[in-house]
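Dear colleague,

Please find below the structure that I am handing over to you. My notes on it follow.

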Amino acid sequence: DHSMESGDEQWLFDWRSLECVEISSLPWQECLVSVPKDAIEKTIFSQVQHLQEEDALKDVKLLFGTASQSDHSMESGFILSMISPVFRRALCDGFREGAEKRVDLSGVEPRRFRQLLDLGLGRGVAVDGSPGALVELARLADRFEMLLPLQSLEDAAVQAMTPAGCAEVLSVCGDESAAAQLGRVAKGCKDMTLARFDEVAAAPCFSELGEAGLVELVS
């Protein structure tokens, strides 16, 4: 026992009688803690870019193939699913691709796909500045439902549009209308063709446009 005196009063303390109380059991008011959203997004964005390069996380095999050559690469299924709803469905919704960890991308150029992957991860990509090349990559972004890269590629294609470039875009898209699902490119092609038809029609690529595509363009 310990004792101490204060004036005429004496206080007696028996430390053995005190009970241990967990801090978590005390009646504290609940406190909500959060990290600013912009800080989290910036951190995650930076980490995702680095994690995409980690070989240990590359668990999905992408099989490329063309008539002249074949190729493959390993990528992270998590990264692919994050940037593309198409890959997310293929890998996460019980399809064969998810079970086998293999995705067939026959007909897709590996270089183009890697450019698109970089765009989806926020990296700058050096793309051939011709409207036709930009539209080819935009169509690939549309195929994989990668909306942000698609919008950026469409904007770049419209800004680069010239009469000759418009004819190139039309020949790239063939009979699939002015630019398949690419609304802004399609409108840009139509407006330029109607305003400067003679210049567009004089470009060598214009002759490759099928009749159905021309009808769709000017209708």
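Where is the place of valine 35? Valine 35 sits in the loop between strand S2 (9–13) and helix H1 (37–51); helices (H or I, at least four residues) and strands (E, at least two) are DSSP runs, numbered from the N terminus. Please note that this is a predicted model, in which local features need pLDDT of at least 70, side-chain atom pairs count only at pLDDT 80 or more, and totals for chains, interfaces and linings use all residues. Residues are numbered from 1 along each chain as its sequence is written, and side-chain values use heavy atoms, with hydrogens and water left out.

Valine 35 counts as exposed because its relative accessibility is 53%. Buried means under 20% relative accessible area, exposed over 50%, and partly exposed in between (1.4 Å probe, protein chains only).

The largest nonpolar core has 38 residues, and among those that touch the most other members are Phe87 and Phe144. Helix H6 (residues 131–143) gives the most to this core, with 6 residues. Such a core is a set of buried Ala, Val, Leu, Ile, Met, Phe, Trp, Tyr and Cys residues joined through side-chain atoms within 4.5 Å.

Serine 84 lies in the loop between helix H2 (77–83) and helix H3 (85–92). Is serine 84 buried or exposed? Serine 84 is buried, because its relative accessible area is 0%. Leaving aside neighbours within four places in sequence, serine 84 is in contact (heavy atoms within 4.5 Å) with Phe144 and Met146. A polar atom of the serine 84 side chain lies 2.8 Å from the backbone oxygen of phenylalanine 144.

Yours sincerely

Key:
A polar contact is a pair of N or O atoms within 3.5 Å; within protein, one must be able to donate a hydrogen and the other to accept it, and residues adjacent in sequence count only if both atoms are side-chain atoms.
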